[in-house]
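Hi everyone, thanks for coming. Let me put the structure up on the screen, and then we can walk through it together.

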There are 2 protein chains.
Amino acid sequence: MSDSRDKMVQSAASLMGSRGMNATSFSDVLADSGAPRGSIYHHFPEGKRQLTECAMRLTSDQILEHMRASSADTAESVLTHFLALFHHVVVASHARAGCTIAGVTIDVTDDDDDLLAVAKDAFASWASLLSEQLTQVGVEKKKARAIAVTTIASVEGALILCRADGSVEPLTLIESQLLSLVR
Amino acid sequence: MSDSRDKMVQSAASLMGSRGMNATSFSDVLADSGAPRGSIYHHFPEGKRQLTECAMRLTSDQILEHMRASSADTAESVLTHFLALFHHVVVASHARAGCTIAGVTIDVTDDDDDLLAVAKDAFASWASLLSEQLTQVGVEKKKARAIAVTTIASVEGALILCRADGSVEPLTLIESQLLSLVR
DNA sequence: CTATATCTATGACGAGCGTCATAGCAACTG
DNA sequence: CAGTTGCTATGACGCTCGTCATAGATATAG
């Protein structure tokens, strides 16, 4: 089975989350994953664009998976469960890590619009699942969507603030405010 | 007077806002600003690091200036005035533009921590001014700070979502939710 | 045990980057 | 007019990047 391919994608996702796409070179990915250099264009014939896309999809799927593992039965706990993932990542990385999707979205130039489309898909899928979970615990549909998008935006922004600040404080602050939106 | 220097900084700020720091080369800055290539290390002897820092400070100061030009007398209007700037930028750029500070913060690698410090300063100065403006219209101090940080995080995140989505919708959604926080 | 597909290894390529040295030009000072 | 200072012009440097060709290793299947 293709073990080193998975490692490469995982490393790329992690590195791009904490330094953006452009600052993540193949050399970095290989060093971090321990994968052999020669395998790059065997596993990713379309080059870096393809590796980036895979890293984005992996990240997106991992987040969706975490969300689906929720057993929340109130609006507060739906949000708390979503936020917990990011809270954990920030703490574990000492506020160095960020979001892969954001790291790509910001770095992308006008010519590779397909990566932007992948980012759009990712954000949209999170928003729609989060929104659905909120409606299932009684939040009105339109409001649920607004809160879902606001939550995602706040988290993405908070990850940036946390990185600049070197602390989790921004994330904890948005958590309290987001919760007050559903009370 | 150093006209081309100002243009370089302005171009760098703009470009880094919409494609991050690493994807913004000196060639891009020169092409965009029309500045002569030879002037780079005359005006910025410390190289790209210095140009980046100047671009960040310019952006930060412009935002502070806009905030200070507010004559808002309610919490809602304080937030609305702050948000209007970003709303305008997104619309004017067809959702391509982002924030210079975020574009640097995400791209920076572990070794140049001083740029992270500049980002921290920028975010902190926005947060403290916004917080101050909120307290002056009657919001309780601790709540004011939480709302200020949440607003900034939401905006930064929304800029990313807007870019991915190709629309202003995410920004308008967070606007409505932020306003409901102060009602 | 051979054959066939999958993965790894090594290294070279052209391009673009940030950097910088050096020289020419402008413009103001005394 | 002479001289000093500030800006522009040109181009080369070393490096790293993404890309790719080619060949060797490994394993799975008949």
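How many nonpolar, polar and charged residues does the surface near DNA strand C have? Four of its residues are nonpolar, nine are polar and two are charged. Please keep in mind as we go that this is a predicted model.

Let's stay with the DNA for a moment. There are 15 residues around DNA strand C, and the ones that come nearest are P36(A), G38(A) and H42(A), together with S25(B) and G47(B). Among the elements of chain B, α2 (26-33) and α3 (40-43) each supply at least two residues of that surface.

DNA strand D has 15 residues around it, and here S25(A), G47(A), P36(B), G38(B) and H42(B) come nearest. The elements giving two or more residues to this surface are α2 (26-33) and α3 (40-43) of chain A. By class, the surface near DNA strand D has four nonpolar, nine polar and two charged residues.

Next, the two protein chains and how they meet. In this interface, 38 residues of chain B are in contact with 38 residues of chain A. On the chain B side, α6, α7 (113-136), α8 (141-165) and α9 (169-181) each supply at least two residues. The most comes from α8(B), with 16 residues. If you sort the chain B side by class, you get 20 nonpolar, 12 polar and six charged residues.

Helix α4 (residues 48-68) and helix α7 (residues 113-136) of chain A pack at an angle of about 5°, and their axes are 10 Å apart. Angles under 35 degrees count as roughly parallel, and α4(A) and α7(A) are therefore roughly parallel to each other. Where they meet, α4(A) brings residues including M56(A), I63(A) and L64(A), while α7(A) brings residues including A122(A), W126(A) and L129(A). By class, this contact has 11 nonpolar, three polar and three charged residues.

What about helix α4 in chain B? This helix, residues 48-68, has 21 residues and reaches 30 Å from its first C-alpha to its last, close to the 30 Å expected at 1.5 Å a residue. Its buried residues include L51(B), C54(B), M56(B) and I63(B). The buried residues of α4(B) pack against α1 (3-19), α5, α6 and α7 of chain B.

I'd like to zoom in on I63(B), which sits in that helix α4 of chain B. Why does I63(B) count as buried? Because I63(B) has 21 C-beta neighbours inside 10 Å, and 20 or more is what a buried residue needs. Leaving aside residues up to four places away in sequence, I63(B) touches L85(B) and W126(B). The C-alpha atoms of I63(B) and A158(B) are separated by 17 Å, and the two residues are 95 residues apart along the chain.

Finally, a pair of backbone details. H94(B) lies in the loop between α5 (75-92) and α6 (100-107) of chain B. Although H94(B) is not a glycine, its phi is positive, at about 55°. A95(B) is also placed in the loop between α5 and α6 of chain B, and its phi is near 65°, a positive value in a residue other than glycine. Is each of them buried or exposed? H94(B) counts as exposed, because it has 11 C-beta neighbours inside 10 Å. A95(B), on the other hand, is buried, with 21 other C-beta atoms within 10 Å.

Conventions: Residues numbered from 1 in each chain as written. Chains lettered and ligands numbered in written order. Predicted model: local features only at pLDDT ≥ 70, side-chain atom pairs only at ≥ 80, totals over all residues. Near = placed C-beta within 6 Å. Helix = DSSP H or I, 4+ residues; strand = E, 2+ residues; numbered from the N terminus. Nonpolar A, V, L, I, M, F, W, Y, C, P; charged D, E, K, R; others polar. Buried ≥ 20, exposed ≤ 12 C-beta atoms within 10 Å, placed from the backbone. Contact = placed C-beta atoms within 7 Å. Axes fitted to C-alpha atoms, helices over the stretch in contact; angles between N-to-C directions. Parallel < 35°, antiparallel > 145°, perpendicular 65-115°, else oblique. Expected span 1.5 Å × (residues − 1).
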